[in-house]
Structures are given as C-alpha cells and as structure tokens.
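User: Can you take me through this one? I'd like to start with the chain contact and then look at the fold.
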Amino acid sequence: MAAAVLASLLMMVVDHRENHLEIVRSALSIIVAPLHQIASLPTSSGEWLSDSFRSRQHLLNDNKQLREDNLKLKGQQQKFKALEAENMRLRDLLDSSFKIGDQILIAELIAIDLDPYKQQVIINRGGNSGVFEGQAVLDADAVLGQVIHVDPFSATVLMITDPSHALPVEVNRNGLRTIAMGTGRTNELELPHLPNNADIQAGDLLITSGLGGHFPPGYPVAVVTQVINSPGQPFARILAKPSANLKRTHEVLLVRALASPTQGPPPTPAMEQATP
Amino acid sequence: MTITPHRGGFIIIASFVLALILTILPLPEWARPFRPAWHSLVLIYWCIATPQRVGVGIGWFLGLMIDVITNTLLGQHALELAITAFITTKLHRRLRVFPVWQQAIGVFLLLMLEEVLSIIVMGAIHRPTPALSYWAPPFIGMLLWPLVFIILRSLRQRFKVI
C-alpha cells in the first residue's frame, strides 16, 4: 500500500516537472491503443453506415455544393498565387529569409473522450507519418492546437483553449502582439497582458505571430468578442472566441513551416507556456 | 497472492477492459462531466468478492492504465485506485454482509474520496477548479452500484471465479 502511494506520488511529481516518463507513457499506450480503436468503433461504424446508406439526391446535392465551393476557392487561389509571387519578390529585394508555403498533412480525430477537464484530442497520425511534438494543428477555419505527445500511429493534440496553453498572437488590423491563453471553456480565449489603453476592439481578428517558433505565422486564431476596461485594474480584460470549431471537428491539418522566420532554436513547449 | 489455484481470471480482466472502454467511449458534450467512474465500480466489486486476487497492486496498475488512456497526469488515478483498493480489501468482510443499498452508500464514500484526491492533485498542478458538475459522478456511481453488483455477481457465479 505504502509502496503504491509512494510510487504514484513520485510518478506524479516526475511527470509534472520533467518529461522523463514519456517512455513509460509510450510503452503503456501501445497496450491501450487497441482500446482507443474499440471505443471509437460505435462512432466510426455509425459514420460508415450513414455514408453507405445516404440517398442519391443527398449525394448529388453534396457534390453540387462541393463543386461550387471548389470553384470559388480556385478563383481565390488564382489571386493568391499572384500575391504570393509578388510577396516573395519583394522579400527577396529585402533579403529576408522568410518563406511562404507550409507542408500540410491531413489527419482524422479518433472519436474518444479523454479527461473532461483537459482539452485534448487524439488524431490518427503519429510519428510514422512524420508528426512531431510541438507541431501546429489547424482545422478548416483556424488554429486548433499543438501536438504534445507522439506515438507511432497516433498523437495527442492540446487545444488552444486548454488552461495550460498559451499562444503568441497578433492583431491582424495593426500588428499588436500579445499572448492568447486558454480558459478551459471551448468558446473562449483570454488576452491577459494588454494594458487598458491598448488599441484593440471587439471584432478584431487575431492571427498567429509566429514568435514562439511553434506556430507558423499568419494563421487566424480567434475574433475578439469583448474588451472590458476597468480603470482600477492595470490590464484590460479581453476575451476572444476561437474561430476553429473546437467541439465538432472531424479532420484536422498538421502544418510544418518550411522555414522558420524566427532566429535561434525554437523554445521548448514548457518555456513557451510559462513565459507570458 | 496465495498459492491456491485461481479460476476465471479472464472474467476479471474482461470486466476491467470493458470498464476502460466505457471510460473513453464518446458521449455527447453535455454528458461528459457526468460519466460515472466505471473502473472504480468494477475494482470495488472485485476487491469485495475476491480480495485474495484483486488488491492494491491491481488497483494501482488499473489506475496507471486509466492515466495513460485518458492522458491525465501519470499516477493520479493510480494513487486514487490504490487507496480505494486498500480500503475496500480491508473492509471487504463488512461490505459483503451489507445489503446492496447499504453497500451503495459505502461505494459513494469511496468514489467521493477519489474525487477529493483528484481535486487535490489538480490543485497541486495548478489546473483551474472544475465546475460543480465535477461532484456528480459519485452520485451516479452510487445509483449504478446495484446494477454493476448484480451483473458482476451473476458472472462470477456462472464462471465460478475464485
């Protein structure tokens, strides 16, 4: 009994302070990986059934909708190509090492519930597909989170709304840089480090600034919903709503920046989370 | 562990595996905080029924599995379940003779103890204090105890698990 308690306490301390227990976790997760698959079976088989027995009309409508979307996106893409080329030319003139263009890998979520008091999900790509720790994860709209643990065939993603997550962002309108912290609620981020007179207002789009070295710059994150200035407080209370669909996401994109715009080695996740 | 031959170990393992699957089975968003601690219920049952086989060691290992499978701090559930198993095996003679509803109250206290330990650990690693619904699972676990007890007892009698 005492041994078990001591072992648990020791493991908790080591797991919290250092990352030495990743090996233990990885070894044990090989045993529990089949359980993840089994637990996600009801959802995945339900999806398979609804895909297989969908009516022809439904599929035709879907197809039409997708064609239209595709046309629209292609149209936008034409302009984007020209802008990208222009941007690269201008940056070459400035001798900037910045490169546009990221590699993208598509992964699916495994439908299981983890600890309800941590905002994490598991995806079906792992180290074998080139996923690495600290990699940025997006959905179709915005930044979703980052990879915190990699197994050979799966990876754990920490959402940006988890209370232990902090993300370097900037306001798209004026380039004001700050940190967006998770609150533990799926529809809210907090910007705790801006003074009362900061130029920020409801409706401002926040994008990744790329300063932490983990997230490639320029991806949308959230929209500011509320700015509360109270004269007695040194900092304004600013809330933002994540643009990514954190509750109902199915497929995610794993991004790898081709060239990092920041100088020096990227900071470790612990450092990035600790320094405001 | 004694040297007397054991039987029906696969039933014990199967019930633990099922409990682990129920622990991560996807639920609708609103129901997630109310998920009962299936793993604790199953562990308590086997600690009462076969204390010579299932005890602190098994409880600790089961907790470790829960920690890996739900990605909590390694050792958090291991600590809770080791303590639960310890108390249950100490009191198994008394718990065995209780009627089921009285056992349910004991189970409720054990589940509550686990939640208290869990919240202490969460506080120690600076997680935010959870909402009030955090305290719901022990109540649901208490209501589910008769069901778990009857199912596992009939399984134990049918497969003669000793």
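This is a predicted model: local features need pLDDT of at least 70, side-chain atom pairs count only at pLDDT 80 or more; totals for chains, interfaces and linings use all residues.

User: How many residues does each chain put into the contact?
Analyst: Chain A contributes 33 residues and chain B contributes 32 residues.

User: Which helix of chain A gives the most to that side?
Analyst: H2(A), with ten residues. Helix H1 (2-17) and helix H2 (22-52) of chain A each supply at least two.

User: And the make-up of that side by class?
Analyst: The side of chain A that touches chain B has 19 nonpolar, eight polar and six charged residues.

User: How do H1(A) and H4(B) cross?
Analyst: Their axes come within 8 Å and cross at roughly 165°, H4 of chain B being residues 76-90. Because angles over 145 degrees count as roughly antiparallel, H1(A) is roughly antiparallel to H4(B). The crossing is left-handed.

User: Which residues meet there?
Analyst: From H1(A), A:Ala4, A:Val5, A:Ser8, A:Leu9 and A:Met12; from H4(B), B:Gln76, B:Ala78, B:Leu79 and B:Ala82. By class, this contact has seven nonpolar, two polar and no charged residues.

User: Switching to the strands. What is the order in the barrel of chain A?
Analyst: The closed barrel has six strands, in the order S6-S7-S8-S11-S10-S9, with antiparallel pairing.

User: How many bridges join S8 and S11 there?
Analyst: Two bridges, in the antiparallel sense, between S8 (residues 189-190) and S11 (residues 237-242) of chain A.

User: Which residue in S11(A) is the bridge partner of A:Leu189?
Analyst: A:Ala240.

How values were computed
Residues are numbered from 1 along each chain as its sequence is written. Chains are lettered from A and ligands numbered from 1 in the order in which they are written. Two strands pair if DSSP finds at least two bridges between them. Helices (H or I, at least four residues) and strands (E, at least two) are DSSP runs, numbered from the N terminus. Two residues are in contact if their C-beta atoms, placed from the backbone, lie within 7 Å. Ala, Val, Leu, Ile, Met, Phe, Trp, Tyr, Cys and Pro count as nonpolar, Asp, Glu, Lys and Arg as charged, and the others, Gly among them, as polar. Axes are lines fitted to C-alpha atoms, for helices over the stretch in contact, and angles run from 0 to 180 degrees between N-to-C directions. Angles under 35 degrees count as roughly parallel, over 145 as roughly antiparallel, 65 to 115 as roughly perpendicular and the rest as oblique. A crossing is left-handed if the near helix is turned anticlockwise from the far one by less than a right angle, and right-handed if clockwise.
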